[in-house]
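Open the model in your viewer and keep the selection panel at hand. This tour goes stop by stop.

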There are 4 protein chains.
Amino acid sequence: MAATDEGLAEPDDGSRMSETDRMKAFSDGVFAIVITLLVIELRVPEYHEGGLLAGLSHEGPAYLAFVMSFVYIGVIWLNHHALLRLIRGTTLALSWINLAILFGAVIIPFPTAVLASAFTDGDTADRRAAVALYALAAALMSAPWLAFFTYLHRHPALRATDVDPEHIRDQRPRPVTGLILYGLSGLLGWFVHPVLGLVLIIVMIVYHALTSEGLRAGPLRWLAPGRRS
Amino acid sequence: MAATDEGLAEPDDGSRMSETDRMKAFSDGVFAIVITLLVIELRVPEYHEGGLLAGLSHEGPAYLAFVMSFVYIGVIWLNHHALLRLIRGTTLALSWINLAILFGAVIIPFPTAVLASAFTDGDTADRRAAVALYALAAALMSAPWLAFFTYLHRHPALRATDVDPEHIRDQRPRPVTGLILYGLSGLLGWFVHPVLGLVLIIVMIVYHALTSEGLRAGPLRWLAPGRRS
Amino acid sequence: MAATDEGLAEPDDGSRMSETDRMKAFSDGVFAIVITLLVIELRVPEYHEGGLLAGLSHEGPAYLAFVMSFVYIGVIWLNHHALLRLIRGTTLALSWINLAILFGAVIIPFPTAVLASAFTDGDTADRRAAVALYALAAALMSAPWLAFFTYLHRHPALRATDVDPEHIRDQRPRPVTGLILYGLSGLLGWFVHPVLGLVLIIVMIVYHALTSEGLRAGPLRWLAPGRRS
Amino acid sequence: MAATDEGLAEPDDGSRMSETDRMKAFSDGVFAIVITLLVIELRVPEYHEGGLLAGLSHEGPAYLAFVMSFVYIGVIWLNHHALLRLIRGTTLALSWINLAILFGAVIIPFPTAVLASAFTDGDTADRRAAVALYALAAALMSAPWLAFFTYLHRHPALRATDVDPEHIRDQRPRPVTGLILYGLSGLLGWFVHPVLGLVLIIVMIVYHALTSEGLRAGPLRWLAPGRRS
């Protein structure tokens, strides 16, 4: 495979460009693992004989948190899929930006477990903390996406040949929106009511799931903000 | 790899079609992880010195549940393998249907652990609940398979070129049968006797294992209901 | 990729043959996961302030069991690598034999954890049970390898074109030897002394590691028993 | 894929050479799993109602240890990526050296968890032990890298055709430096102060992250020590 990349031109700042095959394989592996690892937070409840059903029912919030994070990681995977279609090579800096994106995905089981715990056994203060933590994780996850688009905008040699330069510029507002709205969800959950923050997070995830451009490659100007919003 | 898909025609409803390479890799990753994660539910029993063998024997039901779910996930993987051979591209909607199929696989360790627990330490009421939960998970898993076949039937442009349209229509009764029979297993386990429901679930899994068309691609009309049943 | 397999002839018994790409990817995934999952059995010991080092030292057997099983799974992976090089297609039956091989690998973390526990906290009776369990798992693992070679011997159409038929016949004594010697290790560990059984298991694993033909494809008659022993 | 490797010449010592596709896939899988498994050491703290936020804050060291090991495994993956670009085939010995490299990566979650525990709940003696353990794991990890470069230096037939022989020789001081400096970190942490040892480990990881040659293939003499240091 390496042979196909020998001819890659160097980006204009002189940093070396390298193929993306193993980056894709590694990223897909990480997403597949993290979406599957969510299940180990679903634990058999402790129960006395005859109390299993009641114990399972008591853990309702854990199931909701599981579904929510499963969809969320699915959204991120679809978007990441689209992201790596934009490039035809990578540099060391871009590889670290990608690792930062994966970091954002890898931590999700933790705020998910905290959320499930707070809504199962905690009080309102615990739920406020849990919703704020989840929102914080989601908001911070937006930062490396912004870095990715910005870096790609500045290093046109890394762009896949069929990608419209305008498309990349148009993507940059998306992570900023995510950062702001997930941050707002956290503030709402902390200062107003945890359920309100949680609902806004869920609305965000569903919105992203429905509008994910993950698999709509090709005529990319279709994705321009003017048509999408 | 992306290059080989540049020429993909758009499905007739105007939605964008995209290649399936990463969908296959991601799905295989999820199946490989979930079938391996089953083992972490096999735990060293708590025991006093000299009591390890007795402790291990006490956990017999956990081993049976492990084997049962291993075979079940194996069956699903083989069928999924065949499923993705039917298509030559994907859309956003089909990707979400595929994520729903993976969701059905990812949760299996949880009802498996509940089943193992109920048959090790629970009473009949607990076992009823555990069998019903396992059957419910298996029945619900059938729904996205039906959605997949229906979607593919309506979007012929996504079909692999060597797939007989009749074959796809013929597949649609299969998930319906699964939904009904796993649902029936759950009802039997809940209202009659948990062991009865469990036996029916195992019969279903073995039946699917023996008849899995997972790797019988090619002359696909061989798989038509008339010959299979 | 599927396209490259369209022309595969059907094996002589009329069962359908299918490509092995996803079988390889799935198997590699399972091996990678199970070899990595071993680490989650290495747990931080419970300790009072100042007692961490003593706690870690107390868990010495767990580290040995971890290393032993890591090497064991490495051996199995190398052998499996060689195994799949023998075939150019698969059938439903062969896929299930492969799943049985993977089953043998997937369970290893469980007898590993039992072994670590017995040699850390158990008495001689516990260690006997643990060594016998590990040996039983290793012995049973040999069975599907024998089935694989036997099946391949009977279905020559599945053989890769560069594989000498005699080579496949010559492989069949290997899993039988494994079954007998691992079985013997278990009997020794149970009836004579657990350490004796354990030492024999370790000798077997090291022997397999040193002689693994995993990556010596090509002039395969080099591997004939006459030269290997 | 195997077909592309049929023509591989045999290394000069007569051992068989084999393709590296599955070795790459297996290694990527292991790295992806171990970097993701780190998250399962982030556990929901035990708390009484209203105490979740305090419980989370108490676990600050666990988050730092998580970030540190995430970056560390990222560095190793990038370096491993570059490592496998140096070769065009593998032998049984090189496969075992690669498994030893993977072993070094697979164990990281364990010293990470020990470190998190010692800095959360332990005293200075515990922290000394934890820092020394982490440094020991990192130092020992360097050994198989040295073995890899040495083996490759002695078996030029395994080298990828575009790799400068001098480049391989130039790589050999790197793992020696790692072994010495990580060993020094452990000694500092043990005999002087755990925080000092930990800071040196972090400096080492950040240094490797910034200078990782992981994706700077091509004009490899650019990497010669003269320019790198």
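Buried area is the accessible area, taken with a 1.4 Å probe, that two parts lose on being put together, summed over both. Keep that in mind for the contacts below. One caution before starting: this is a predicted model.

**Stop 1: chains C and D**

Select chain C and chain D. Between them, about 3,500 Å² is buried. Carbon and sulfur atoms give 72% of that area.

Polar contacts do turn up: 6 residue pairs, with both partners at pLDDT 80 or more.

**Stop 2: chains A and B**

Bring up chain A and chain B. Their contact takes 45 residues from chain A and 42 from chain B. Together they bury about 3,500 Å², with 72% of it on carbon and sulfur atoms. How many salt bridges link chain B and chain A? The count is 0. Polar contact joins 6 residue pairs, both members at pLDDT 80 or more.

This time, view the side of chain B that touches chain A. The elements of chain B that give two or more residues are α1 (21-37), α4 (92-106), α5 (109-121) and α6 (124-154). Pick α1(B), which brings the largest share, 9 residues. By class, this side of chain B holds 27 nonpolar, 7 polar and 8 charged residues.

**Stop 3: chain A by itself**

Count 10 helices and 0 strands. Follow the chain along its sequence and the pattern reads α-α-α-α-α-α-α-α-α-α.

Now color by burial. Of the 229 residues in chain A, 60% are buried. Then turn to contacts within the chain. Among those with a separation of 6 or more, 76% join residues 24 or more positions apart.

Finish with the surface view. The accessible surface of chain A comes to about 8,900 Å². Carbon and sulfur atoms account for 64% of it.

Conventions:
Residues are numbered from 1 along each chain as its sequence is written. Chains are lettered from A and ligands numbered from 1 in the order in which they are written. This is a predicted model: local features need pLDDT of at least 70, side-chain atom pairs count only at pLDDT 80 or more; totals for chains, interfaces and linings use all residues. Side-chain values use heavy atoms; hydrogens and water are left out. Contact means heavy atoms within 4.5 Å. A salt bridge is a side-chain nitrogen of Lys or Arg within 4 Å of a carboxyl oxygen of Asp or Glu. A polar contact is a pair of N or O atoms within 3.5 Å; within protein, one must be able to donate a hydrogen and the other to accept it, and residues adjacent in sequence count only if both atoms are side-chain atoms. Helices (H or I, at least four residues) and strands (E, at least two) are DSSP runs, numbered from the N terminus. Ala, Val, Leu, Ile, Met, Phe, Trp, Tyr, Cys and Pro count as nonpolar, Asp, Glu, Lys and Arg as charged, and the others, Gly among them, as polar. Buried means under 20% relative accessible area, exposed over 50%, partly exposed in between (1.4 Å probe, protein chains only). Accessible areas come from the Shrake-Rupley method with a 1.4 Å probe; for residues, only the protein chains shown count as cover.
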